[in-house]
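Here's a quick briefing to read alongside the model. Have the structure open and follow the aromatic residues first.

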Amino acid sequence: MNYKSLYKLLILLSALFAVGCDKVSYPAHDQKIVVEGWIEDGAEPIVIVTSTIPITYEYQDISDLSDYVLHWAKVTVSGPDGDIILTGRKSSEYFPPYIYTTTKMKGKAGESYRLRVDYGDEHVEAITSIPQPAQLAGLRAEKMSEGSDKYRIIAYVEDDPSTKNHYRFFVKIHGKDSTYKPSFMGLFDDGLLTQPINEISVCRGMQAPIDTFEPYYDEGDSVDVKFVTMDEEMFAYWSDYEDISMFARNPFFHCTSPIRTNINGGLGYWAGYGASIYRIKIPSDQREGNE
């Protein structure tokens, strides 16, 4: 997930709640730990730990958000390899540019992983499982229209009808994105898959400003497409996140419900992903294969 986008959404929602009000009395800010963490099949865990931001009428510059990064937390992941304490380090690939990770653990499909974060007197924890990865039947790129210089990516998705499955696309454009971003409208479950092979659009990751965002690709883009499976709790989290992303700026829709979380004692998410990665060069009507 793009954490910078989540922060901006939280600030935007705060501003929307204040519109049209002569005076709003805010309750005292009860600071909570916010976790953004995930572990994928065959990859090391990544965890970002911050705290909630107080709602005020005062302008908050995006650079000030670094003050809410928790640099000295104790982050522990427990799995089949035992209890591993993650190491905090700077990373320019993420925002905020500070993560907790380790080279001593890699995720395994079918296993469960418990996360615990300790910071001062505060403690939060969560548990997740990594589903079996799913494979795409193929990828292709096509022009949006004759004479257009914009392209879209189409994924061919098969589904196991004997199980309930939840899916999401993440994308990374080489030379443009430092990390994978959640594909716009890229969340779905197998209720959408009614054919033996189904065509699903894989849009670019959401970027700010939202008003000028285009979900398409440019000629020459080299795109890594990550196709992940997830459990029902994570599907609920991403569903809420997409609702806020799409409707927060619309005055006719009110997003007042909190984003659902699987973090006990805090906010955010701890996700287990079964991941398959593919690369496609635009234009192309052929899948170039796994990364």
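Tyr167 and Phe188 are both buried. Keep in mind that this is a predicted model. The chain has two helices and 16 strands, and buried residues account for 48% of its 291 residues.

**Aromatic pairs**
- Searching the whole structure turns up twelve aromatic pairs.
- One of them joins Tyr167 and Phe188, a tilted pair at 5.4 Å centre to centre with 35 degrees between the planes.
- Tyr167 sits in strand 11 (residues 166-173) and Phe188 in strand 12 (residues 181-189), so this pair ties together parts 21 residues apart in sequence.
- Phe170 and Trp238 make an edge-to-face pair, because their planes are at 80 degrees, with ring centres 5.9 Å apart.
- That pair links distant parts of the chain, with Phe170 in strand 11 and Trp238 in helix 2 (residues 232-247), 68 residues apart.
- Phe170 and Trp238 are both buried.
- Phe170 and Trp238 also belong to one aromatic cluster with Tyr237, Tyr241, Tyr269 and Tyr273.

**Charges over rings**
- Arg168 lies over the face of Phe170, 5.8 Å from the ring centre.
- Lys226 does likewise with Tyr180, at 4.2 Å from the ring centre.

**Around Glu40**
- Glu40 is part of strand 1 (residues 33-40), and it counts as buried because its relative accessibility is 9%, under the 20% cut-off.
- Beyond its neighbours within four places in sequence, Glu40 touches residues including Lys226 and Tyr273.

**Whole chain**
- Of the contacts between residues at least 6 apart in sequence, 65% join residues at least 24 apart.
- The accessible surface is about 14900 Å², and carbon and sulfur atoms contribute 50% of that.

Methods: Residues numbered from 1 in each chain as written. Predicted model: local features only at pLDDT ≥ 70, side-chain atom pairs only at ≥ 80, totals over all residues. Heavy atoms only, no water. Helix = DSSP H or I, 4+ residues; strand = E, 2+ residues; numbered from the N terminus. Buried < 20%, exposed > 50% of the residue type's maximum accessible area, 1.4 Å probe, protein only. Contact = heavy atoms within 4.5 Å. Areas by Shrake-Rupley, 256 points an atom, 1.4 Å probe, with all protein chains shown as cover. Phe/Tyr/Trp six-rings, centres within 6.5 Å; stacked < 30°, edge-to-face > 60°. Lys NZ or Arg CZ within 6 Å of the ring centre and 35° of its normal.
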